[in-house]
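Colleague: Could you walk me through this one slowly? I have the sequence and the coordinates open.

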Amino acid sequence: MGTHAGRKGRRWRKVRAAVLAESTLCWLCGHEGSGSVDHDPPLLELRAHGLDPEDRRYLRPAHGALSRCPTCNRACNEAKGAREHVPERTNSRAW
């Protein structure tokens, strides 16, 4: 499954539109104007537990790269990232 699987197609657009129709208040910074949605819990965690990433229960409005926050000018979703789930990389060899 690709990194963007679950975030394309007609079903995703309909779910995303439904979430944003309910609210555009960013769950990360608390400001209005969200044009993206974010997975909560994170997408990797949803997949690890076999949960549907397009289930509205796991989606929240957030500011993204194309809908930066008009108040704090952040792309909150990208700023949050998924670093907590990515193993730390090192340039050193294990000796």
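Colleague: How far apart are the end C-alpha atoms of helix 1, and what should its residues span?

Modeller: Keep in mind that this is a predicted model. Helix 1 takes in residues 9-22, and at 1.5 Å a residue its 14 residues should span 20 Å, which agrees with the 21 Å between its end C-alpha atoms.

Colleague: Which residues of helix 1 are buried?

Modeller: The buried ones are W12, V15, V19 and L20. Seen down the axis of helix 1, the buried residues fall within an arc of 130 degrees, so they line one face of the helix. As background, residues three or four places apart point the same way because an α-helix has 3.6 residues a turn.

Colleague: And what is on the face turned away, and what covers the buried residues?

Modeller: The face turned away from the buried side carries R10, R13, K14 and A21, which are exposed. The cover over the buried residues includes strand 1 (36-39) and strand 2 (59-62).

Colleague: Switching topic, where is the cis peptide bond?

Modeller: It joins D40 and P41, with omega at about 10 degrees, and P41 sits in the loop between strand 1 and helix 2 (43-48). Most peptide bonds are trans, and most residues other than glycine have a negative phi. N73, however, has a positive phi, near 55 degrees, and lies in the loop between strand 2 and helix 3 (76-80).

Colleague: Where is pLDDT under 50?

Modeller: The mean pLDDT of the protein is 81, with 77% of residues reaching 70 or more, but over residues 1-6 the pLDDT is below 50, and pLDDT stays under 50 over residues 83-90 as well. Where pLDDT is low, the predicted coordinates should not be read in detail.

Definitions and conventions. Residues numbered from 1 in each chain as written. Predicted model: local features only at pLDDT ≥ 70, side-chain atom pairs only at ≥ 80, totals over all residues. Heavy atoms only, no water. Helix = DSSP H or I, 4+ residues; strand = E, 2+ residues; numbered from the N terminus. Expected span 1.5 Å × (residues − 1). Buried < 20%, exposed > 50% of the residue type's maximum accessible area, 1.4 Å probe, protein only. Arc of directions from axis to C-beta. Contact = heavy atoms within 4.5 Å. pLDDT = per-residue confidence, 0-100.
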